[in-house]
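Visitor: I have the sequence and the structure open. Could you take me through some of the details?

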Amino acid sequence: MSYSLGIDLGSTFVAAARATAATVEAVPLGNRSLVTPAAVYLQGDGTLATGDAASRGAVSSPDRVGRDFTCRVGDPTPVVLGGESYSVTALLGVLLRDVVAQVTETEGAPPDRVVLTHPTNWGPFRRALFEEATQQAGLTNSLLMTEAEAAAAHYTATRPLSDGETMAVYDLGGGTFDATVLRMHSDGVKIIGKPERIEALGGGDFDEAILSHVNDTADGALAKLDVRRPQTFVALARVRQECIVAKEALSADTEATFPVFLPSRTLDVHLTRSDFEDMVRAPIESTIRTLSRALQSAQVEPAALSAVLLVGGSSRIPLIARMVSAELGCPTVVDTHPQHVVALGAALHATHAPHPQHTVPQRSRQHEQRLVSRGSTAPPTTNGFVGAPPEKPEKQEEQPLIPAQRPAEVLPTRVIPTPRTPPPEGTATTARHVRPKQAPAPPKPSPVRERRPKILLAAGAAVAVAAVIAVATFGGGNDTQAPAPAISMPTPKPAPTAVASVGPKVAVPAASAIIAVGQTPSFVAVAPDGRHAYVANGDAQVITVVDTAVNQVTATIPIAAGPPQFLTFAHDGRILYVTVFNDQHTKHAIDVVDTVSNTEIAMIPQPASPFDPAISPDGTLLYVANHDVGSLSVIATGTNTVIGQIDVPPNPHSVVFSRDGSRAYTANHNSSLVSVIDTATRRVVATIPVGAGPHSVAVHPNRPLVANVNYESNTVSVIDTNTLKVVATIPVGQQPQDIVWAPDGRLAYVVNNGSNTVSVIDATTNKVTATIPTGAGPSSIALLPNGQQAYVSNADSGTLTVLQLAR
């Protein structure tokens, strides 16, 4: 029987579905799973294995596996597998070819038509590269469609929408998140507004959070393992698989207990659903903010949505449906198999595509050898490989329509039973600022201004290695499967080399650009949507706005109230709170700025110099550290009025809330103390001695940790928030002024005002792993929401240093 094939090649998994005149159904690609890892492994004989076979090989040789290919389309960096360089498109072609070959073997014939999906935010450049990959796979007549359109096609096939009805697609996969708004027209569903994407957030981050919990439960046993021993890789991969199983179980159960087998000990780890939800709440909140931005771009109110379709394997977490419904006030729809929705929609769409039957080329070992660039550098090309420039920001173009599905066209959906036994196998908000300020109190002068925490997950060097290996090892099922039957491709054009390097996803940061932003840029904050960085220029009495897509100044906002010092955003990014004071102590207020119109809309008087403020998790309160009088102002954001004061030790530099908002922490410079505040009673319940001159303080989003920089003792203190004790003191550069966690929690970044550097701290070993030079007088740091880039304000050189943290 003839059939059409839909393939969803995601960042971590590949799913496929077939459609006939009667049914549309998912096709099993793994042994015990319908999906297979999106991984390619260089075997000892020089051939390439994909899927489960690639994952198994990665356990013993992680340097020979590549993954996350769709995230790297357009990146000219070659993928290195076992010392050999490959292009991204070549490896994508191998993956696609093997999927088509496996389905062809199962069905007994090749598909009549093939539709492939790609991320919704891709423009012509990356689509062209993806098309080249399909040609290298022998799919010369395949069609492309966006993942969001495919999901909508599957949804509307069984739940028809009326003309003008609008829906949103919330797509949370293993490594990325996408938000798209679509509207039904008479001739199909069309994307409206600008699709939003977070490149580095997904189910893998949730696995990391559980791994971190295991490490904490085991008193740091994972971090202490010797990662040079092969047994450690295998043990950590098994632990990660247990974490994945526990995560999936908690979608149905309220608690899970799982064994952890380490080389030197065995233990059982207990995890409740509520504890797990606390771990992942902050990342989920960021996805909902991203979805809200997509709705704003489409000019659609949440109440106007017919539904929010939850897509991707990670969307099965019950907390997601609850949080999305509570935030948007509209129904959510979770398919029985959310991981397969995109492939099912693509297969359904393929039934309408008038394309000729595909042949399945046989992959020869000679062809695979041609994919390898043995130590040579591929010449520059014009098709996006080595030597080609990275993709430039694209203007959102009109999206193609997908055929409307009417009741008569509804096709029943089922899952094909697991087929044949496989033949024998051949062989992973802001910042604060500061410049020296003299305190009027007797204690020594307060040197700096500072910043506020950035949230993220912590895992650890050893755990990070486990994450990478385990993703490869257990990605789509952990039983043996032979590689897809050997198929060869027609000889391709000289394959350009580009993709990603393998190994642990630990960022190796480096300065990538310098932006002139005017005099005394003492503090920088990145808007919640990541599109702009806002810089406080105290002496110039302006806020400088930088477009993060092009790293250029696009606006300046005059601050009439006085010199701007510290900045923090409301959670939706529409309001910016600016602390204002001068050196003569005659001006002290909070300026409220509308970021849509870039105008001041309110001013809130303060009793003394207001330092680094923080917004409560529910957005209703603003806490402001009043440096000169040893207190916090409590401001109601709804009315912009001060409703209370909280006394703290002298001289508070910054304040930050715990993830649940039940506590706040202040760094009190002249007292060398961190205060712990009960936000319900608005009283200090504990004080924690730290190093001399604490400045910025940052709360870890998943682990029970708070970190602060000590300006005068040149250290970072790490505090356990359960015991309220310092558990680590880390030497850094001279006069550290600001600290922020990386989005995945594995690293912390410390701005050293006296050394003109940024220190990079491994959150597992509590050691500095890198030092990056900056401009003169660095005072604060702010990260983009995806964690791939950071901005450091250089107060003495009038610049921002742009740090590239990850690809």
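This is a predicted model: local features need pLDDT of at least 70, side-chain atom pairs count only at pLDDT 80 or more; totals for chains, interfaces and linings use all residues.

Visitor: How many residues does helix α4 have, and how far does it reach?

Guide: Helix α4 covers residues 147–158, twelve residues, and reaches 18 Å from its first C-alpha to its last. That is close to the 16 Å expected at 1.5 Å a residue.

Visitor: Is α4 mostly covered or mostly exposed?

Guide: Mostly covered: eleven of its twelve residues are buried. Among them are Glu-147, Glu-149, His-154 and Tyr-155.

Visitor: Now the cores. Which residues have the most contacts inside the largest nonpolar core?

Guide: Tyr-170, Phe-276, Ile-284 and Val-308 do, in a core of 51 residues. Helix α7, residues 273–298, gives the most to this core, with nine residues.

Visitor: Which residues does Tyr-170 touch?

Guide: Leaving aside residues up to four places away in sequence, the contacts of Tyr-170 include Phe-177, Asp-178, Ile-284, Leu-291, Val-308 and Ile-320. A second, separate core has 34 residues, including Ile-7, Val-40, Leu-42 and Leu-129.

Visitor: Why would such residues gather at all?

Guide: In soluble globular proteins, nonpolar side chains tend to be buried together.

Visitor: On to the strands. How is β27 joined to β26?

Guide: Seven bridges join β26, residues 575–581, to β27, and the two run antiparallel. Phe-581 stands opposite His-588 in β27. Their hairpin has six residues between the strands, and His-585 takes a positive phi near 60° there.

Visitor: And on to β28, how many bridges are there?

Guide: β27 pairs with β28, residues 599–605, in the antiparallel sense over six bridges. Here Val-593 stands opposite Glu-600. This hairpin has four residues between the strands, with Asn-598 at a positive phi near 55°. As for β27 itself, five of its seven residues are buried.

Visitor: What about β35, and which strands does it pair with?

Guide: Strand β35, residues 673–678, has five of its six residues buried. Six bridges join β34 to β35 in an antiparallel arrangement, and β35 also pairs with β36 in the antiparallel sense over six bridges.

Visitor: Which residues stand opposite each other there?

Guide: Arg-663 stands opposite Asp-678 in β35, and the bridge partner of Ile-677 is Val-684 in β36.

Visitor: And which residues in the turns have a positive phi?

Guide: In the hairpin of β34 and β35, Ser-672 has a positive phi of about 55°. In that of β35 and β36, Arg-682 has a positive phi of about 55°.

Definitions and conventions: Residues are numbered from 1 along each chain as its sequence is written. Side-chain values use heavy atoms; hydrogens and water are left out. The expected span of a helix is 1.5 Å times one less than its number of residues. Buried means under 20% relative accessible area, exposed over 50%, partly exposed in between (1.4 Å probe, protein chains only). Two strands pair if DSSP finds at least two bridges between them. A nonpolar core is a set of buried Ala, Val, Leu, Ile, Met, Phe, Trp, Tyr and Cys residues joined through side-chain atoms within 4.5 Å. Contact means heavy atoms within 4.5 Å.
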